[in-house]
Amino acid sequence: MSSLLERIAARRTELAEQAQHLTKQLTDVQHELDRVSVAEQVITQMLAEPEPEPDPDPEAVGRDVPASATATGSVIIPYRHQVSGADGLPADYRLLLQTVTDAGKALICKHICQAAGLSTESGQVEGTRAKLNRLAERGWLRKMPNGSFAPTS
């Protein structure tokens with residue numbers, strides 16, 4: 001009879017430990033759920049806000065870092081319809097835009113790097129591709145179905 005009581009006590013201890021572990025897991029999942037919910041609310045609110053107007057500061061034109069740079073140092077590339085010309089773009093973006101425009105035809109990213117005198121190393125090409133995609137998203141370039149980039153009409 002005492003061995004049966006010992007087995008029951010051991011099982012009770014085992015279940016109590018399992019319950020404690022599951023309670024901790026549930027708490028962690030609830031915290032993660034709260035974080036995701038807050039992120040969703042913030043993103044939804046940000047998407048509902050209108051696009052910011054371009055900086056009317058005439059001194060901002062031609063600077064390497066436009067007035068639209070954020071506090072973290074990242075640069076906001078304006079939409080083409082928001083500014084009068086490419087002078088509002090940072091120098092590296094202007095170089096890419098000018099390279100594609102001078103070619104007058106669609107080029108793949110590696111060829112754009114070569115024509116602009118940039119490195120054709122894999123990591124550098126991918127960084128350039130991100131900039132070209134950003135220019136295409138903002139209406140400065142056209143991204144072709146095959147992934148190449150062309151000047152806008």
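In which loop does Arg138 lie? Arg138 is placed in the loop between α4 and β1 (141-143). The legends below describe a predicted model, in which local features need pLDDT of at least 70, side-chain atom pairs count only at pLDDT 80 or more, and totals for chains, interfaces and linings use all residues. Residues are numbered from 1 along each chain as its sequence is written, and side-chain values use heavy atoms, with hydrogens and water left out.

**View 1. The surroundings of Arg138.** Arg138 has 19% relative accessibility and therefore counts as buried (under 20% relative accessible area, with exposed over 50% and partly exposed in between; 1.4 Å probe, protein chains only). Leaving aside residues up to four places away in sequence, Arg138 touches Ile77, Pro78, Tyr79 and Arg80; contact means heavy atoms within 4.5 Å.

**View 2. The crossing of helices α3 and α4.** Helices are DSSP runs (H or I, at least four residues) and strands likewise (E, at least two), numbered from the N terminus. The axes of α3 (residues 109-116) and α4 (residues 122-137) come within 9 Å and cross at roughly 100°. Axes are lines fitted to C-alpha atoms, for helices over the stretch in contact, and angles run from 0 to 180 degrees between N-to-C directions. The two helices α3 and α4 are therefore roughly perpendicular to each other (65 to 115 degrees; under 35 is roughly parallel, over 145 roughly antiparallel, the rest oblique). Cys109, Lys110, Ile112 and Cys113 of α3 meet Val125, Thr128, Arg129 and Leu132 of α4.

**View 3. The crossing of helices α2 and α3.** The axes of α2 (residues 91-103) and α3 come within 9 Å, crossing at roughly 105°. Leu95, Leu96, Thr99 and Val100 of α2 make the contact with Ile112, Ala115 and Ala116 of α3.
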